[in-house]
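Dear colleague,

I am passing on the structure that follows, together with some notes on what turned up when I went through it. Please look at it first and then read on.

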Amino acid sequence: MLGLFLERGECEILKPNLEQAAGLVEALLIKARSKIDHAEICRLRMLLQLRQGNYAPAVRTALECLRTFGVDLPDLTDAGTDESRVRGDAPDPRRAPDRKPG
């Protein structure tokens with residue numbers, strides 16, 4: 001039955017009927033019974049977020065889903081905007097904090 005609701009959610013995203021899809025995704029998250037169910041709903045949620053142009057939340061959703069399976073990656077979406085990294089205001093997330101440039 002979950003599969004049917006997932007497909008409906010995907011259809012709502014593709015229409016695009018994003019408000020209805022968002023409500024469906026939230027309702028599905030409550031009904032997830034397994035890690036696989038949760039992963040499928042996260043995939044749908046990421047698709048919705050990407051369709052809305054919400055890229056950083058989509059990355060956070062992906063990271064949250066990976067944590068469900070024991071994979072813990074740092075969330076670099078809060079490390080600063082691309083513009084601030086170009087200006088040098090934000091730390092380079094690829095550089096270890098104890099390393100000096102050069």
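The notes below go from the overall fold to the core, the charged pairs and the cysteines.

Please keep in mind throughout that this is a predicted model. Of its 102 residues, 21% count as buried. The chain exposes about 7,300 Å², and carbon and sulfur atoms supply 56% of that area. Among the contacts with a separation of 6 or more, 34% are accounted for by residues 24 or more positions apart.

In soluble globular proteins, nonpolar side chains tend to be buried together. Here the largest nonpolar core has 10 residues in all, made up of Leu6, Ile13, Ala21, Leu24, Val25, Leu28, Leu29, Ile41, Leu44 and Leu48. The elements that give two or more residues to this core are α1, which spans residues 2-14, along with α2 and α3, and α2 gives the most, with five residues.

The structure holds three salt bridges. In one of them, Arg45 pairs with Glu26, and the closest N and O atoms are 3.8 Å apart. Arg45 lies in helix α3 (residues 35-51) while Glu26 lies in helix α2 (residues 18-31), so this pair ties together parts that are 19 residues apart in sequence. Glu26 is partly exposed, its relative accessible area being 40%.

Another salt bridge joins Glu40 and Arg43, with 3.4 Å between the closest N and O atoms. Both residues belong to helix α3, and because they are three residues apart there, they are separated by about one helical turn. Glu40 is partly exposed, with a relative accessible area of 32%, and Arg43 is likewise partly exposed, with a value of 32%.

In the remaining pair, the side chains of Arg67 and Asp72 meet at 3.1 Å, N to O. Arg67 is partly exposed, with a relative accessible area of 39%, whereas Asp72 counts as exposed, at 61% relative accessibility.

How many disulfides does the count come to? The count comes to zero. A disulfide is a covalent bond between the sulfur atoms of two cysteines, and the rule applied here asks for sulfur atoms within 2.5 Å. The sulfur of Cys42 is 4.0 Å from the closest cysteine sulfur, that of Cys65, which is too far for a bond. Are these two cysteines buried or exposed? Cys42 counts as buried, at 1% relative accessibility, and Cys65 is buried as well, with a relative accessible area of 11%.

With best regards

Note on methods: Residues are numbered from 1 along each chain as its sequence is written. This is a predicted model: local features need pLDDT of at least 70, side-chain atom pairs count only at pLDDT 80 or more; totals for chains, interfaces and linings use all residues. Side-chain values use heavy atoms; hydrogens and water are left out. Buried means under 20% relative accessible area, exposed over 50%, partly exposed in between (1.4 Å probe, protein chains only). Contact means heavy atoms within 4.5 Å. Accessible areas come from the Shrake-Rupley method with a 1.4 Å probe; for residues, only the protein chains shown count as cover. A salt bridge is a side-chain nitrogen of Lys or Arg within 4 Å of a carboxyl oxygen of Asp or Glu. Helices (H or I, at least four residues) and strands (E, at least two) are DSSP runs, numbered from the N terminus. A nonpolar core is a set of buried Ala, Val, Leu, Ile, Met, Phe, Trp, Tyr and Cys residues joined through side-chain atoms within 4.5 Å.
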